[in-house]
Amino acid sequence: MILLSPDRRSWLTPLLHLYWRFTRGMTLGVRGCVTDAEGRVLLIRHSYTPGWHFPGGGVEVGQTAIEALAMELREEANVFVTGEPAFAGLFLNQRTSRRDHVVLYRVEAWTQPAPFTPTREILEARFFPRDALPEGVTRGTRERLAELFEGAPRSPYW
């Protein structure tokens, strides 16, 4: 992956989506809303796209959404799922592509054997109080948090 400033999207992203358009009928991703005992939420910051996001990534061929979620949480935040994640919604992510869908899970049973260490892909992974989120939390992440914790009406769109 060619990495650029975390303040802007990589030029490679649209090319990958063009490739996926021809090789896959649709794309499916997973995100995890991981909360700790204090009710704080885990957010990550990528090296290749701006903003703070829930951790997650693509579901590969032959992989279940929960398997993909567990793998992405391990890779992106050193978080290991220890209980069953709760399905929180399926969303069309039409800002990325008319073919892209995101499955969101709530993760409350987990462990982190060691603090997260930044990688080339993930610059930061931190827990934040919901009333003190960092600057740059993405719109989709903010909307999902409002739906999950504030009773906001649920949208079918990410």
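Here are some questions and answers about this predicted model.

Me: Let's begin with charged side chains. How many salt bridges does the structure hold?
Reply: Side chains of opposite charge can pair when their charged atoms come close. Over the whole structure, the number of salt bridges is eight.

Me: R40 forms a salt bridge with D36. Is D36 buried or exposed?
Reply: The closest N and O atoms of R40 and D36 are 2.6 Å apart. R40 has a relative accessible area of 26%, so R40 counts as partly exposed. For D36 the value is 14%, and buried means under 20%. D36 is therefore buried.

Me: Which helix holds both E147 and R144?
Reply: These two side chains meet in a salt bridge, 2.7 Å from N to O, and both residues are buried. They are three residues apart, about one turn of the helix. The helix, covering residues 139-149, is α3.

Me: Which residues are linked with E147 and R144 in a network of salt bridges?
Reply: E147 and R144 form a salt bridge with each other. The network also takes in two further residues, R139 and E143.

Me: Which element gives the most to the largest nonpolar core?
Reply: This core has 18 residues, and those touching the most other members include V30, L42 and Y105. At least two residues come from each of β1 (27-34), β2, α2 (65-77), β7 (100-107) and β9. With five residues, the element giving the most is α2.

Me: What is L42 in contact with, leaving aside its neighbours within four places in sequence?
Reply: L42 is among the residues that touch the most other members of the largest nonpolar core. Leaving those close sequence neighbours aside, L42 is in contact with V34, H53, F54, P55, A77, V79, A125, R126 and F127.

Me: How many residues are in the second, separate core?
Reply: That core includes C33, F54, F91 and V137. Its number of residues is 13.

Note on methods: Residues numbered from 1 in each chain as written. Predicted model: local features only at pLDDT ≥ 70, side-chain atom pairs only at ≥ 80, totals over all residues. Heavy atoms only, no water. Salt bridge = Lys/Arg side-chain N within 4 Å of Asp/Glu carboxyl O. Buried < 20%, exposed > 50% of the residue type's maximum accessible area, 1.4 Å probe, protein only. Helix = DSSP H or I, 4+ residues; strand = E, 2+ residues; numbered from the N terminus. Core = buried A, V, L, I, M, F, W, Y, C linked by side-chain atoms within 4.5 Å. Contact = heavy atoms within 4.5 Å.
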